[in-house]
Amino acid sequence: MKINTNHLFSIQKPPFLSNCLRFIGRLIPNIKYIRAIPNRILKPINSLLGFRGPYIVKIDEFYMCLLPEECVDGNLYFSAHLYDRKEILFLLKRFPKDGVLIDAGAYKGYWSLKFACRYPNAMIYAIEPNPYVFDVLKFNIKINGYKNIVPINLGLSDNEEELYLHLNLSGNLGGSTFREGIIINGDKIKVKVAPLLKIINEFNIEKIDILKLDIEGFEPRVLSKFFSQAPKHLYPKYIVLEMHFFSITDLPYEFQKNYRVVLKGRENWVFQMNS
């Protein structure tokens with residue numbers, strides 16, 4: 001295994017020059033082509049200078065442990081203000097003070113931390129299958145002292161079983177997937193998975209204001225099982241899906257009947273339950 005989390009015991013703050021690059025990144029406006037500067041210029045320069053981390057950095061109002069060379073980490077490290085910008089701003093305005101967010105495919109916890117920070121009386125359930133990433137997720141929750149995030153080390157599927165998680169070790173660990181044949185010559189680990197409704201019942205979740213699914217193409221499978229069994233009062237008010245690997249027609253009929261698209265971000269579509 002090429003991944004370890006021993007670095008969690010020896011994390012540093014970014015060097016001065018790396019912080020200078022971060023400062024430039026935070027000035028980048030949300031304009032097409034220009035917003036690519038952090039990934040195409042700042043991140044390569046940072047790597048050439050040998051600033052690989054991990055580093056603890058302040059992102060918005062909270063702190064995260066990040067590896068700048070990783071895809072998601074790099075986006076957050078240099079330009080968090082652009083990351084999932086439209087959908088997060090849209091949902092933060094509509095999230096109740098005592099809301100419930102299920103963040104499935106939480107990775108290192110940016111969405112979970114963002115909502116937990118803004119809404120201390122809310123409950124956040126951060127689901128992450130990769131045990132190595134999960135250690136960092138727990139660390140990020142701990143260093144911020146948030147008590148309203150529940151980390152869950154499971155994957156989502158349509159059955160309770162064990163599946164191989166294929167690890168993307170080419171700089172996009174957040175793109176690891178349960179789908180076969182997608183990642184060539186990568187490593188894989190066996191992890192536990194369960195249906196969404198089972199997790200909801202085990203944690204006595206009585207309502208869901210936002211369900212965010214970023215599970216690399218397993219969304220149709222998970223939603224099909226959920227909508228075939230869940231009572232309507234558990235239908236999320238909003239569902240956020242990364243639409244890279246499937247189309248709306250791949251989603252279950254109950255989803256298509258009960259939800260409509262209200263926003264399309266660069267990475268995610270936001271669906272709202274019909275009133």
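Which residues in α2 meet which residues in α3? In this predicted model, where local features need pLDDT of at least 70, side-chain atom pairs count only at pLDDT 80 or more, and totals for chains, interfaces and linings use all residues, Pro38, Asn39, Leu42, Lys43 and Asn46 in α2 meet Cys71, Asn75, Tyr77, Phe78 and Ser79 in α3. Residues are numbered from 1 along each chain as its sequence is written, and side-chain values use heavy atoms, with hydrogens and water left out.

## Helix packing

Helices (H or I, at least four residues) and strands (E, at least two) are DSSP runs, numbered from the N terminus, and contact means heavy atoms within 4.5 Å. Two packed helices are described by the angle between their axes and the distance between the axes. Axes are lines fitted to C-alpha atoms, for helices over the stretch in contact, and the angles run from 0 to 180 degrees between N-to-C directions.

Helix α2 (residues 37-48) packs with helix α3 (residues 71-79) at an angle of about 95 degrees, and their axes are 10 Å apart. The two helices are therefore roughly perpendicular to each other, given that angles under 35 degrees count as roughly parallel, over 145 as roughly antiparallel, 65 to 115 as roughly perpendicular and the rest as oblique. By class, this contact of α2 with α3 has five nonpolar, four polar and one charged residues, where Ala, Val, Leu, Ile, Met, Phe, Trp, Tyr, Cys and Pro count as nonpolar, Asp, Glu, Lys and Arg as charged, and the others, Gly among them, as polar.

Helix α1 (residues 16-25) also packs with α2: their axes come within 10 Å and cross at roughly 175 degrees, which makes α1 roughly antiparallel to α2. In this contact, Ser18, Leu21, Ile24 and Gly25 in α1 meet Leu42, Ile45 and Asn46 in α2, and the residues divide into four nonpolar, three polar and no charged.

## Aromatic rings

The structure holds 18 aromatic pairs. Rings of Phe, Tyr and Trp (its six-membered ring) pair if their centres lie within 6.5 Å, and planes under 30 degrees apart count as stacked, over 60 as edge-to-face and the rest as tilted.

Phenylalanine 178 lies in the loop between β7 (161-167) and β8 (187-194), and phenylalanine 218 in the loop between β9 (210-213) and α8 (219-229), so the pair ties together parts that are 40 residues apart in sequence.

Tyrosine 77 counts as buried at 0% relative accessibility, and phenylalanine 78 at 1%; phenylalanine 178 is buried at 9%, and phenylalanine 218 at 5%.

Elsewhere, ring pairs link Phe226, Phe227, Tyr235, Phe255, Tyr259, Trp269 and Phe271 into a cluster. Rings may also lie under a charge, and a charge sits over a ring if NZ of Lys or CZ of Arg is within 6 Å of the ring centre and within 35 degrees of the ring normal. The charged end of arginine 22 sits over the ring of tyrosine 77, 5.0 Å from its centre, and arginine 179 lies over the face of phenylalanine 245, at 4.2 Å from the ring centre.

## Backbone and loops

Most residues other than glycine have a negative phi, and most peptide bonds are trans. The peptide bond from glycine 53 to proline 54, however, is cis, with omega near 10 degrees, and proline 54 is found in the loop between α2 and β1 (55-59).

Aspartate 84, in the loop between α3 and α4 (85-92), has a positive phi near 50 degrees and is buried, with a relative accessible area of 8%. Tyrosine 107, in the loop between β3 (100-104) and α5 (110-118), has a positive phi of about 55 degrees and is buried, with a relative accessible area of 10%.

Terms used
Buried means under 20% relative accessible area, exposed over 50%, partly exposed in between (1.4 Å probe, protein chains only).
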